[in-house]
Amino acid sequence: MSPQHETSTASGERKDLQADCANCFGLCCVALPFARSADFAADKAAGQACSHLRTDFRCGIHERLRDRGYPGCTVFDCFGAGQKVSQVTFGGTDWRRAPKSARSMFEVFPVMRQLHELLHYVTEALGLTAARPVHQELRRALARIDGLTRGSAESIAGLDVHALRGEVNPLLLRASELARARVPGRRRNHRGADLIGARLSGADLRGASLRGALLVAADLGGADLRDADLIGADLRDADLGGADLTGALFLTQAQLDAARGDAATVLPPALSRPAHW
């Protein structure tokens with residue numbers, strides 16, 4: 001594990017921030033819309049159950065999603081929001097047994113997903129040893145967001161998540177800056193950059209800021225991405241073959257699942273090598 005991280009608060013150890021489909025009412029397969037594209041084989045409106053959703057709320061083609069034209073499903077992560085809405089907000093009563101609750105449940109889920117994503121990032125920031133100067137503020141933010149996730153369906157659906165992100169993001173940025181300050185040499189700043197299809201094979205991006213960067217189909221083969229900030233970076237179809245992602249900040253499993261890599265790609269210990277690599 002990178003010396004930047006403390007193991008006691010690593011986000012990978014928070015089970016409540018990991019999807020537990022067995023305790024969810026298939027909310028991502030119903031609440032969210034998708035359009036026929038390279039990611040989805042058919043159109044589906046928000047609130048309409050996917051045709052492959054079974055009566056037990058499991059996906060009927062889960063093991064064949066990519067083959068059946070649904071790679072978009074394989075890269076989605078609710079960060080545990082599905083089971084929170086299903087078992088906490090709605091007390092374990094599903095939308096099929098209580099149809100009147102369906103609309104509310106489907107409205108709450110996308111908001112809860114954003115709240116859990118913020119919890120995930122804040123928890124990871126609390127695991128950064130170098131970010132101790134902002135740990136107290138991060139703990140307050142964590143407690144506040146966690147409290148919001150336990151509110152009523154009405155209160156959650158009415159939240160201004162954009163404003164909440166505006167309050168939390170500066171703390172995450174400060175944590176990132178403190179962690180990356182220990183990286184020797186010049187650190188590149190590609191925050192929000194359009195790097196679609198960029199040729200970055202073997203690039204020295206150690207400690208770089210790639211926050212929100214568009215790296216779709218970029219060639220990052222063999223790149224040094226150690227301790228780089230990848231929060232919100234779009235890695236769809238990016239080539240990470242042989243890249244070193246040790247200590248990468250705010251990198252999620254969903255980002256890896258959307259990219260391409262190989263056996264030589266070095267991953268942070270909390271993340272798994274995607275099966276399709």
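The largest nonpolar core of this predicted model holds 54 residues, and Leu27, Trp95 and Leu172 touch the most other members. As a general pattern, nonpolar side chains tend to be buried together in soluble globular proteins. Which elements give two or more residues to this core? They are helix 2 (81-89), helix 3 (102-126), helix 4 (135-149), helix 5 (153-157) and helix 6 (161-180). Helix 3 gives the most, with 14 residues.

Let's take a closer look at Leu172. Setting aside its neighbours within four places in sequence, Leu172 is in contact with Tyr121, Val122, Ala125, Leu138, Arg211, Ile231 and Phe250.

| Helix pair | Axes come within | Crossing angle | Handedness |
|---|---|---|---|
| Helix 3 and helix 6 | 10 Å | roughly 15 degrees | left-handed |
| Helix 4 and helix 6 | 10 Å | roughly 150 degrees | left-handed |

How do helix 3 and helix 6 run, parallel or antiparallel? Angles under 35 degrees count as roughly parallel, so helix 3 and helix 6 are roughly parallel to each other. On the helix 3 side, the contact is made by Val111, Gln114, Leu115, Glu117, Leu118, Tyr121, Val122 and Ala125. Helix 6 brings Val161, Leu164, Arg165, Val168, Leu172 and Ala175. The residues of this contact divide into eleven nonpolar, one polar and two charged.

The other pair points in another way. Angles over 145 degrees count as roughly antiparallel, and the crossing at roughly 150 degrees therefore makes helix 4 roughly antiparallel to helix 6.

Ala243 lies in the loop between helix 6 and helix 7 (253-258). Is Ala243 buried or exposed? Its relative accessibility is 0%, so Ala243 counts as buried. Leaving aside neighbours within four places in sequence, Ala243 is in contact with Leu220, Gly222, Ala223, Leu225, Ala264, Thr265 and Val266. Ala254 is eleven residues away from Ala243 along the chain, and the C-alpha atoms of these two residues are separated by 17 Å.

Key. Residues numbered from 1 in each chain as written. Predicted model: local features only at pLDDT ≥ 70, side-chain atom pairs only at ≥ 80, totals over all residues. Heavy atoms only, no water. Core = buried A, V, L, I, M, F, W, Y, C linked by side-chain atoms within 4.5 Å. Buried < 20%, exposed > 50% of the residue type's maximum accessible area, 1.4 Å probe, protein only. Helix = DSSP H or I, 4+ residues; strand = E, 2+ residues; numbered from the N terminus. Contact = heavy atoms within 4.5 Å. Axes fitted to C-alpha atoms, helices over the stretch in contact; angles between N-to-C directions. Parallel < 35°, antiparallel > 145°, perpendicular 65-115°, else oblique. Left-handed = near helix turned anticlockwise from the far one by under 90°. Nonpolar A, V, L, I, M, F, W, Y, C, P; charged D, E, K, R; others polar.
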